[in-house]
Amino acid sequence: MHDLIQLHGVSKNYPLPDGSQYPVLQDVSLSIAAGQIVGLIGRSGAGKSTLLRCFNLLERPERGSVQLNGQELTRMPAAQLRRAREQIGMVFQHYNLLHNLTVYDNIAFPLRLHERLNPPRLAARVSECLDIVGLSARAGSYPAQLSGGQKQRVAIARALASRPEVLLCDEPTSALDADTTRSILTTLRNINQTLGVTIVIVSHELAALSQLCHRIVVMDEGRIAEQFDPADTARVRHTALGRELAFYRSEAGLAASWAGVQHA
Ligand SMILES: Nc1ncnc2c1ncn2[C@@H]1O[C@H](COP(=O)(O)OP(=O)(O)OP(=O)(O)O)[C@@H](O)[C@H]1O
């Protein structure tokens with residue numbers, strides 16, 4: 001498995017109203033292997049979303065390097081960066097769908113923008129994505145006619161439309177109830193297993209992450225506090241969150257309740 005994403009020495013500050021700088025990311029280095037599901041967890045404000053958004057340069061670090069397949073994104077000219085970003089799909093907490101467009105047209109939107117597919121190929125691609133998320137019957141619906149979980153499925157289908165290598169998910173289930181969360185995470189796991197898409201997910205759902213992820217990265221105050229394989233329950237964790245995640249993984253009753261998202 002090769003490293004798909006590599007961050008080296010990434011630092012970023014946000015300016016504060018008093019003119020000082022808030023160090024949101026401090027010298028973060030992280031490698032994500034192709035085909036993995038990696039969870040980013042940490043307290044509110046730890047810098048998880050900012051780090052995730054550095055992966056596709058939605059946020060530009062002030063220092064450090066961001067590589068996708070060995071290509072340095074921070075030095076790419078705009079047109080080349082746009083093409084590289086097609087390899088990176090993104091899913092947000094609040095879905096970010098276009099409300100005046102049908103499900104079909106929401107998924108077709110990035111394809112019409114970035115890829116010159118003829119109408120039959122476009123239709124085939126949209127239908128393939130709808131199939132993956134189990135929403136083939138709702139192509140003609142508008143977002144307002146869908147539940148939260150269905151809207152997030154449309155957002156996942158849209159993120160898959162350009163057949164990306166990696167899916168960045170920023171708290172994709174935090175607006176959803178427990179059952180819907182489970183089914184969305186099962187869908188993400190299936191996407192990883194059947195399509196080989198690498199997934200990086202920011203979430204506060206500790207039990208779910210401990211079942212879903214091949215690797216957990218714990219962030220604290222803009223730094224990586226620790227990272228580990230959640231299946232490796234024997235290792236002593238250094239952070240409270242790490243210990244809590246290990247507990248979920250080892251707790252038989254809870255593990256059984258998450259059987260739908262357990263690794264085979
Ligand atoms: N555009 C911005 N300008 C200034 N400060 C920001 C900006 N975006 C985020 N911050 C601050 O940076 C810190 C880290 O934010 P970030 O959203 O990355 O954290 P997080 O770990 O994802 O938190 P949460 O779990 O609450 O979403 C927070 O203190 C936040 O207020």
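These legends describe close-up views of a predicted model.

**View 1**
Ten names make up the surroundings of the ligand: Tyr-14, Val-24, Gly-42, Ser-44, Gly-45, Ala-46, Gly-47, Lys-48, Ser-49 and Thr-50. Helix α1, residues 48-54, supplies the largest share of this shell, with 3 residues. By class, the shell holds 6 polar, 3 nonpolar and 1 charged residues.

**View 1. The four-stranded open sheet.**
Which order do the strands take in this open sheet of 4? The order is β2-β1-β4-β5, and the pairing is antiparallel. Strands of a sheet pair through backbone hydrogen bonds, either parallel or antiparallel.

β4 pairs with strand β5 (residues 71-72) in the antiparallel sense, over 2 bridges. Leu-68 has Gln-71 of β5 as its bridge partner. Gln-67 stands opposite Glu-72, also in β5. There are 2 residues between the strands of this hairpin. Which residue of the hairpin takes a positive phi? Asn-69 does, with a value near 50 degrees.

**View 2. The six-stranded open sheet.**
This open sheet has 6 strands, in the order β6-β7-β8-β3-β9-β10. Its pairing is mixed. The edge strands are β6 (88-91) and β10 (223-228), and each of them pairs on one side only. From one strand to the next, the twist averages 20 degrees. Helix α5 packs on this sheet and touches β6 and β7 (166-170). The direction of α5 makes about 170 degrees with that of β6.

**View 3. Strand β9 between two partners.**
In which sense does strand β3 (residues 37-42) pair with β9, parallel or antiparallel? The pairing of β3 and β9 is parallel, over 5 bridges. Ile-41 has Val-218 of β9 as its bridge partner. With β10, strand β9 (residues 215-220) pairs in the antiparallel sense, over 5 bridges. Here Ile-216 stands opposite Phe-228 of β10. Val-217 stands opposite Gln-227, again in β10. β9 and β10 form a hairpin with 2 residues between the strands. In this hairpin Glu-221 takes a positive phi, near 45 degrees. In a regular strand the side chains alternate between the two faces of the sheet.

**View 4. Helix α5 against helix α6.**
Two packed helices are described by the angle between their axes and the distance between the axes. The axes of helix α5 (residues 148-160) and helix α6 (residues 178-195) come within 10 Å. They cross at roughly 15 degrees. α5 and α6 are therefore roughly parallel to each other, the cut-off being angles under 35 degrees. Their crossing is right-handed. On the α5 side, the contact is made by Gly-148, Gly-149, Gln-152, Arg-153 and Ile-156. On the α6 side, Thr-180, Ser-183, Ile-184 and Thr-187 take part. The residues of this contact divide into 6 polar, 2 nonpolar and 1 charged.

**View 5. Helix α3 against helix α5.**
How do the axes of helix α3 (residues 103-114) and α5 cross? They cross at roughly 30 degrees and come within 8 Å. That angle makes α3 roughly parallel to α5. The crossing of α3 and α5 is right-handed. From α3, the residues Val-103, Asn-106, Ile-107, Phe-109 and Pro-110 meet Val-154, Ala-157 and Arg-158 of α5. By class, the contact of α3 with α5 has 6 nonpolar residues, along with 1 polar and 1 charged.

Methods
Residues are numbered from 1 along each chain as its sequence is written. This is a predicted model: local features need pLDDT of at least 70, side-chain atom pairs count only at pLDDT 80 or more; totals for chains, interfaces and linings use all residues. A residue is near a molecule or strand if its C-beta atom, placed from the backbone, lies within 6 Å of it. Ala, Val, Leu, Ile, Met, Phe, Trp, Tyr, Cys and Pro count as nonpolar, Asp, Glu, Lys and Arg as charged, and the others, Gly among them, as polar. Axes are lines fitted to C-alpha atoms, for helices over the stretch in contact, and angles run from 0 to 180 degrees between N-to-C directions. Angles under 35 degrees count as roughly parallel, over 145 as roughly antiparallel, 65 to 115 as roughly perpendicular and the rest as oblique. A crossing is left-handed if the near helix is turned anticlockwise from the far one by less than a right angle, and right-handed if clockwise. Two residues are in contact if their C-beta atoms, placed from the backbone, lie within 7 Å. Two strands pair if DSSP finds at least two bridges between them.
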